[in-house]
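Biologist: I would like to learn how to read a model like this one. Please take me through it feature by feature.

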2 protein chains.
Amino acid sequence: MNFSEEYQRKKQLVDQALEAYSFPDGPQLLTEAMRYSLLSGGKRLRGVLALSACEAGGAVCGKAMPFACAIEMIHAYSLIHDDLPAMDNDTLRRGKPTSHVVYGEANAILAGDGLLTEAFRCCLKAPDQTAAFRTAVLLADAAGSAGMVGGQIMDVNRLGSDDGNSPMMIDRLKTGALIKAAVVGGLICSDAGPEMISAGLAYGEHLGIAFQVTDDLLDVTGDVNLLGKTTGKDAGEEKISWVPLLGLDGTRKKAENETRQACDALAPFGDAGKMLAEIALSMLDRVS
Amino acid sequence: MNFSEEYQRKKQLVDQALEAYSFPDGPQLLTEAMRYSLLSGGKRLRGVLALSACEAGGAVCGKAMPFACAIEMIHAYSLIHDDLPAMDNDTLRRGKPTSHVVYGEANAILAGDGLLTEAFRCCLKAPDQTAAFRTAVLLADAAGSAGMVGGQIMDVNRLGSDDGNSPMMIDRLKTGALIKAAVVGGLICSDAGPEMISAGLAYGEHLGIAFQVTDDLLDVTGDVNLLGKTTGKDAGEEKISWVPLLGLDGTRKKAENETRQACDALAPFGDAGKMLAEIALSMLDRVS
């Protein structure tokens, strides 16, 4: 099976698990609004990373499924809240109207709150209680004030926008923290040892930066029809981006450099790290 | 020490623990916005319930402190999001301008998201890992789609407003779930056995309903200066309330009845349940 087929296979496993996950006993409107955003056909990068890391750590990928679903719920919640009128005010996401356009602002806020809470519920109820506990701590660290929410508040308020380091800082927190957690959480679910966890941390760190750097590039060079979301918004809204800082070529080089470092970090996994390396390279393909 | 002094002592312990809790490594603006709402001087009912239940279960109340802080963070997040323009559009809470008035809507949304995530982080990092795990599951159940967020979406959308049972249903989810979790979580932290947990569940269930019923009464009869929040909003916005359903006297009787059932449920604790009984009775005092 080639890389693309293997990615699709894992993506489908995540999609199926999320589709089958019912939010137990909640009101229908909330369940519907949560599922609208959760099942709207994203790349499932974080979920696939978790499953692939679990395999790289030597276990069957299904062991990481509750965690993979949880991290996709966290990602979905963050997109719903990012798209709100008070934030990015985006009406289009993955080619579909955003949550607040369909359900109204109040329900979109609550759907996000629900998905964030249900993510912990899903993660904590994994059959392996030790992994459930450790991955829940990881998720809370990655999504909390020193992670994703922290990065988001810096981004929204253009904090430190005069500082050359700030895109790095914001990328690390806003996008990088969750991508890194996906990798490390998958390894935890495989019961990997400290050397593998360290390698996974380094891989995830560089991958997270590479991801945001290519995202900044795509905002400038991307095609709205392929991306399914509005492009050119960063410049229009003076969002902090790598492109004005490094130029198009410099930004592309940075993405390549971070991707190479991500792949280099996978050495301790040997052949078992191949899928993770190919994921990193495929992300770079988006902009080359 | 009489009841009022004991309540104040426990409230101060919770206040001090929350004051000392730093949100590690987060951006200053996020920490500031989270602390603004978290430290704005509420009654700390949920925190005090957790500490009191822990004592009723036979342990020192400090064992429940990380959980007590976590549940106060969840409560604080829910108030920030409830007050948003898209929800209740409230500008005054505990006599102070609400989060979105001070920090703007985007930051208020993120402060709520941060507090919700940090609640799990705080709870999961309690020294007793078994209790940390069990109380985190409890929190996720109570705050999730089958709990607080579920109740909130029913309330916001006036779901089932033609149905006599709906205030009961909404109260159970929106307010009751978290109050019940405070009691049960405190008992879990004390390592209480199944009989005590069952008794705590019954107590928390009736207490939660009594709380919401008295809140509905206070919205009609309360004094804005004493409450520190806007009154008379329920009628103005056709919020689902017990008062139009049962009348003032009927609503007061319902509050008394639920409070009595809450106290009756405490029998298995013997004298150790006295503080929990007095908390229930003191809540009723607000409206008699």
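Modeller: Start with handedness: a crossing is left-handed if the near helix is turned anticlockwise from the far one by less than a right angle, and right-handed if clockwise. Helices (H or I, at least four residues) and strands (E, at least two) are DSSP runs, numbered from the N terminus. In this structure, α10(A) passes α13(A) in a left-handed crossing.

Biologist: What should I know about the model and its labels before going on?

Modeller: This is a predicted model: local features need pLDDT of at least 70, side-chain atom pairs count only at pLDDT 80 or more, and totals for chains, interfaces and linings use all residues. Residues are numbered from 1 along each chain as its sequence is written, while chains are lettered from A and ligands numbered from 1 in the order in which they are written.

Biologist: Back to that crossing. At what angle do α10 and α13 of chain A pack?

Modeller: Two packed helices are described by the angle between their axes and the distance between the axes. Axes are lines fitted to C-alpha atoms, for helices over the stretch in contact, and angles run from 0 to 180 degrees between N-to-C directions. Here helix α10 (residues 194–221) and helix α13 (residues 243–264) of chain A pack at about 150°. Their axes are 8 Å apart.

Biologist: Which residues of α10(A) and α13(A) meet?

Modeller: Contact means that two C-beta atoms, placed from the backbone, lie within 7 Å. On the α10(A) side, the residues include Tyr203(A), Leu207(A), Ala210(A), Val213(A) and Leu217(A). On the α13(A) side, they include Leu248(A), Ala255(A), Glu258(A) and Ala262(A). By class, this contact has eleven nonpolar, five polar and four charged residues. Ala, Val, Leu, Ile, Met, Phe, Trp, Tyr, Cys and Pro count as nonpolar, Asp, Glu, Lys and Arg as charged, and the others, Gly among them, as polar.

Biologist: Take Tyr203(A). Is Tyr203(A) buried or exposed?

Modeller: Count C-beta atoms, placed from the backbone, within 10 Å of the residue's own: 20 or more others is buried, 12 or fewer is exposed, and in between is partly exposed. Tyr203(A) has 32 others within 10 Å, so Tyr203(A) is buried. Tyr203(A) and Ala262(A) are 59 residues apart in sequence, yet 4.3 Å apart in space, C-alpha to C-alpha. Leaving aside neighbours within four places in sequence, Tyr203(A) touches Val183(A), Ala262(A), Ala265(A), Leu266(A) and Leu276(A).

Biologist: How many residues of α8(A) are buried?

Modeller: Nine of nine, so α8(A) is mostly covered. Among them are Met148(A), Gln152(A), Asp155(A) and Val156(A). After α8(A) comes Arg158(A), with a positive phi near 45°.

Biologist: Where else is phi positive without a glycine?

Modeller: Asn89(A) has a phi of about 50°. Asn89(A) sits in the loop between α4 (65–83) and β1 (92–93) of chain A. Arg94(A) also has a positive phi of about 50°. Arg94(A) lies in the loop between β1 and β2 (96–97) of chain A. Asn89(A) has 15 other C-beta atoms within 10 Å, so it is partly exposed. Arg94(A) has 14, so Arg94(A) is partly exposed.

Biologist: How does the length of helix α14 of chain B check out?

Modeller: The expected span is 1.5 Å times one less than the number of residues. The twelve residues of α14(B), 274–285, should span 16 Å; the end C-alpha atoms are 16 Å apart, which agrees. The buried residues of α14(B) include Leu276(B), Ile279(B), Ala280(B) and Met283(B). What covers the buried residues includes α1 (3–20), α3 (45–56), α10 (194–221) and α13 (243–264) of chain B.

Biologist: Which elements of chain A touch chain B?

Modeller: In total, 43 residues of chain A are in contact with 44 of chain B. The elements giving two or more residues on the chain A side are α2 (28–38), α6 (105–124), α7 (129–143) and α8 (148–156). The largest share, 13 residues, comes from α6(A). The chain A side divides into 25 nonpolar, twelve polar and six charged residues. Of the interface residues of chain A, 100% are also interface residues in chain B, so the copies meet through the same surface.
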